[in-house]
Structures are given as structure tokens and as C-alpha cells.
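Here's a quick briefing to read with the model open.

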Amino acid sequence: MTADPRRAQLRRMKAIAVAMLLAMVAGFVLSHAMGNQGVWAWVSAFCEAATVGALADWFAVVALFRHPLGLPIPHTAIIPRNKDRIADSLATFVRDHFLEPQNLLARLEVFDPAARLGQWLAQPQQSRKLARMARGWALQALDLLDERAVRESIQRFVVARLQAWDAAATAGEVLGLLTADDRHQQLLDEALKRLSRYLDGEAVKQRASELLVKHARREWPKLVGTVNLVKPVEGIADDLAERIARAVLDELNEILVEPGHPIRRDYERWLRGYIKRLRQDPELAARVARIKQELIDHPSVQDYVRGLWDQIHSALRQDLERDDGVLAGHLERSLVGLGEALGRDEALREAINQHVMGGAEKLALRLRGGVTDYIAQTVKAWDERHLVEQLELSVGRDLQYIRFNGTLVGGLIGLALHAVIVLLDRQPL
């Protein structure tokens, strides 16, 4: 443990004060030994008064901290004897000068915290520094989180939300939106166009031809063999597949160009009826709910929900660890923007200052009693010897100058008094 340098300084100053006192005593004794005449009379006067001054100031300094020479002299050991009163006075001083709401608000009003905050944030390096600090705090917060508890909480939350979700009603609302402004007919048109393009492809026709030949050979092998003598059955199948595809395409084109086509009407009737059932049919709603619950209980879904936190945690950590991360960049730009906004928007500054002032006033009022009691009780609970030691280490070195000054000033007063006596002796009666 490193020694407190103040102890050595205090010992040195006390040694100097004692040395001065001994020097004065030695001078007083020597002057009397030399007959106390002439210049020795002046030395005697100086040393005698300086000794008295040194002893008086030594007594005054020591009396602050302890009983001089251990004697229980009244009005000594002032600090330890009045520790409780000092504690109460210190607490009252802090309360009245630091936690007085009006004084605090006056200082804050002159400080103009919103304007100073805006000036500080408007500097990119300051916003970057603050964003870097926020990233560090966020990373520490991620490390402190109980990942198992978070994972279980997310799972419970997601599952509860899914279970509370009325899937049938939502499906009815979504399909209801599709029927607005004939969007469902547009959807049907797009599906028919895609189907037409699919059926018109050569690969599809070839596949259909192969299926026809395969089916014919399996069902009517003899007939196929007979027909093959006249014309290859593959060619017949190709022609038939082409004709079927053309017939289907013609039918699809007819549906596309005919708004009142029976298939469109059937589609319209079926879709609106299904939407109505989704909204009103308890049996269908229960069936949808069972399907939803089966999906929720599926192990793959449960594993995915449990792994959400791992994905979120990993993404957050990777982004926060990068100086050019998305979150860091967004936070930095936001802070700079806030600083610029505070610089040009007087109303915003005024609003923030009002919030700060209101919060400071409430905080000061809440802290006044608590802090006052805390300071008083803490000081009262201190060990007296420890309190005296700490105070003496803090101010004792400076108090030794009182002893130095007492020695010198006492000696000068002694010279002055001796001079007055000499002058009076020379005056004729």
C-alpha cells in the first residue's frame, strides 16, 4: 500500500514549528545568561514574546483536534467533541447551497443545457464518440442478458401471439381485400395467362404426347399394334396432344376475353362464399385453427422460434462490433441531426430546457431530505480518530503556518513592546 505523502509533509512542517520554538527558548535562555543587557535585551524581548506566541498558537492548533498534552482542558478537542454538530452543519450547507431548487434552476437557466447540448452534438467527432460509447454499452448489455431466459421469453411470446391470432378471420379479411375493385378477377387473369404460356410450351406438349402413348400401350396394346401398322402411334399422340393443348388454350382465351364467362361466375361465387364462410362458419374457423395449431406444434416451427434470439443476437453483435455498422451509422446521423435541430429550432431548445428544469426541480426536491440525512448520518458514523486523522492530513500542514506566524509575530510584538519600554525609560520624569 502506497504511503500517504501528506503524512511526511505534515511531520516536516511540525518539526519546523518545534525547531522554531526551541530556537526561541534557546535564545531567551542565552540572552539571560549574557546578562540581558544591550542587544541581548532585544534578543530576550523577541525570543520571550516569540516563545509565548508559538506556545499559544500550538495550543490553538492542537486544541482543534485533541486535548493538548492529553489534559481534558475545557473547549479543546473541538472537532471530535462537536462531530455531530459539524455533521448537521455540513449536511445543511450542502442542502441549502447545492440542492436548493431555486439556486439550482437559476444556474441551469444561465447554463442553457439545450443549446450547449446542440453545439456539442453538432460536432461529428462528438456524435461519433457518443455513438461508440452507446455501442459499447449495448454490447455489454448483450453479454449480461440471460440468453436462455430471453430465448424462452421470445418463444412464449411468439407462440402466445400465434395462438391468439384468428387465422380464419385474417384470411377472410385478406381475401376480402383481394375482391375489392375486382382484384380477384385480375389475379385470375394473370393465373390464366401463366397457364396458357405453360401449356403452349413444346416441352409440355411432348410430355402430354408421351403420356398418351404410354397410357394407350398399357390399356389397348393390341389396338396400338394394329394402328402402328398404318401410322406410328407416336405421331397420332403428338397430333392429339397438340389439339388438346389448342382446345385448352382457346378455352382459356375465351375466359380471358369474356367478363361474363361461366367459369368467372363460378369463381366469383365460390370465392365470395368462401370469404363469408371464413368470417361466419364456426366449423371452418375451427378447422383453420386446428391447422394453425398443428403448424405451431410442429418441431420445425418450434426450433425456428427458439432460434430467433440466436439470429437476432448474432446480427446485433456483428453490427455493433463494426465501426461502419448500420446501427452505429444511424445513431451517429441521428445525433448530428439532433444537434443541428437544436441549433436552429428555438422552440425545441425551449421545450428541452423546460423538461430539464422541471426534472431538476423534482430531483432536487426528492434529494434534499435524503441527501441531507445521508451526509449527516455518514459523518456521525465516522470513527473520531479516523475523522481527526483525515482532517489533520488535509489541513494540518497549512495550520502549521499559524504556529510559524505566531512565533514571528509574537517576536515582533515583543520587540515593539521592548522599544516602547526603552523610550519610556529615556523620558525625563
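**How α1 meets α2**

Helix α1 (residues 5-33) packs against helix α2 (residues 39-65) at an angle of about 145 degrees, and their axes sit 8 Å apart. Axes here are lines fitted to C-alpha atoms, for helices over the stretch in contact, with angles running from 0 to 180 degrees between N-to-C directions. This is a predicted model, where local features need pLDDT of at least 70 and side-chain atom pairs count only at pLDDT 80 or more, while totals for chains, interfaces and linings use all residues. Residues are numbered from 1 along each chain as its sequence is written, and side-chain values use heavy atoms, leaving out hydrogens and water.

**The contact**
- On the α1 side, the contact (heavy atoms within 4.5 Å) includes Leu21, Met24, Val25 and Phe28.
- From α2, Trp40, Val43, Phe46 and Cys47 are among the residues that take part.

**Helix α17**
- Helix α17 (residues 308-320) has 13 residues and reaches 18 Å from first C-alpha to last, close to the 18 Å expected at 1.5 Å a residue (1.5 Å times one less than the number of residues).
- Its buried residues (under 20% relative accessible area, 1.4 Å probe, protein chains only) are Leu308, Trp309, His313, Asp319 and Leu320.
- Down the axis of α17, these fall within an arc of 140 degrees (taken from the directions from the helix axis to the C-beta atoms), so they line one face of the helix.
- Their cover includes α7, α8, α16 and α18.

**Whole protein**
- The protein has 20 helices and 0 strands (DSSP runs of H or I, at least four residues, and of E, at least two, numbered from the N terminus).
- Of its 429 residues, 29% are buried.

Definitions and conventions: Buried < 20%, exposed > 50% of the residue type's maximum accessible area, 1.4 Å probe, protein only.
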